[in-house]
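Thanks for coming, everyone. I'll keep this short. Please look at the screen.

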Amino acid sequence: MAGTTRIDGQRLWTGLRVTGWSAAAVLLMLPLVAMRLEVPGVVWTLSDFLVMGALLGTCGLVLELATRMSDNLAYRLAMTVAVAASF
């Protein structure tokens, strides 16, 4: 079928999903590391981490659901751009 993204079954998308969720976790950990290194101007509270975690989690879940709706690579890329722009 033309336009599908199935390369080696689910293996490719599983790797991309792990990479995406890992990137979200790294983004959430950056302020924590900056606070431990006492970077001026970086003072987050627990509520800041919770709000950012909810924001990243919601964007990740929306992207997961949107990409499962179609095997079309163009659709998946467009949804990724849309979710990133809304973030």
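One definition before we start: helices (H or I, at least four residues) and strands (E, at least two) are DSSP runs, numbered from the N terminus. With that in hand: R68 and E64 both sit in helix α2, four residues apart, about one turn of the helix.

Now the ground rules. This is a predicted model, where local features need pLDDT of at least 70, side-chain atom pairs count only at pLDDT 80 or more, and totals for chains, interfaces and linings use all residues. Residues are numbered from 1 along each chain as its sequence is written, and side-chain values use heavy atoms, with hydrogens and water left out.

Salt bridges next. I mean a side-chain nitrogen of Lys or Arg within 4 Å of a carboxyl oxygen of Asp or Glu. How many salt bridges does a search of the whole structure find? Two.

Take E64 and R17. Their closest N and O atoms are 3.0 Å apart. E64 is in helix α2 and R17 is in helix α1 (residues 11-36), so this pair ties together parts that are 47 residues apart in sequence.

Then R68 and E64. Here the closest N and O atoms are 3.5 Å apart. Salt bridges that share partners join R17, E64 and R68 into one network.

How covered are these residues? Buried means under 20% relative accessible area, exposed over 50%, and partly exposed in between, using a 1.4 Å probe and protein chains only. E64 is buried, at 11%. R17 is partly exposed, at 38%. R68 is exposed, at 56%.

Stay on helix α2, which covers residues 46-68 and holds T67. Is T67 buried or exposed? Buried, with a relative accessible area of 16%. Which backbone oxygen does the T67 side chain reach at 2.9 Å? That of L63. The backbone oxygen of E64 lies 3.1 Å from a polar atom of the T67 side chain.

Last stop, the surface. M29, L32, V33, L37 and V39 make a nonpolar patch of about 440 Å². Patches are made of residues with over 30% relative accessible area and no salt bridge; like charges are joined within 9 Å, nonpolar side chains (Val, Leu, Ile, Met, Phe, Trp, Tyr) within 5 Å. The areas come from the Shrake-Rupley method. One member, L37, lies in the loop between α1 and α2. L37 is exposed, at 64%.

Terms used:
A polar contact is a pair of N or O atoms within 3.5 Å; within protein, one must be able to donate a hydrogen and the other to accept it, and residues adjacent in sequence count only if both atoms are side-chain atoms. Accessible areas come from the Shrake-Rupley method with a 1.4 Å probe; for residues, only the protein chains shown count as cover.
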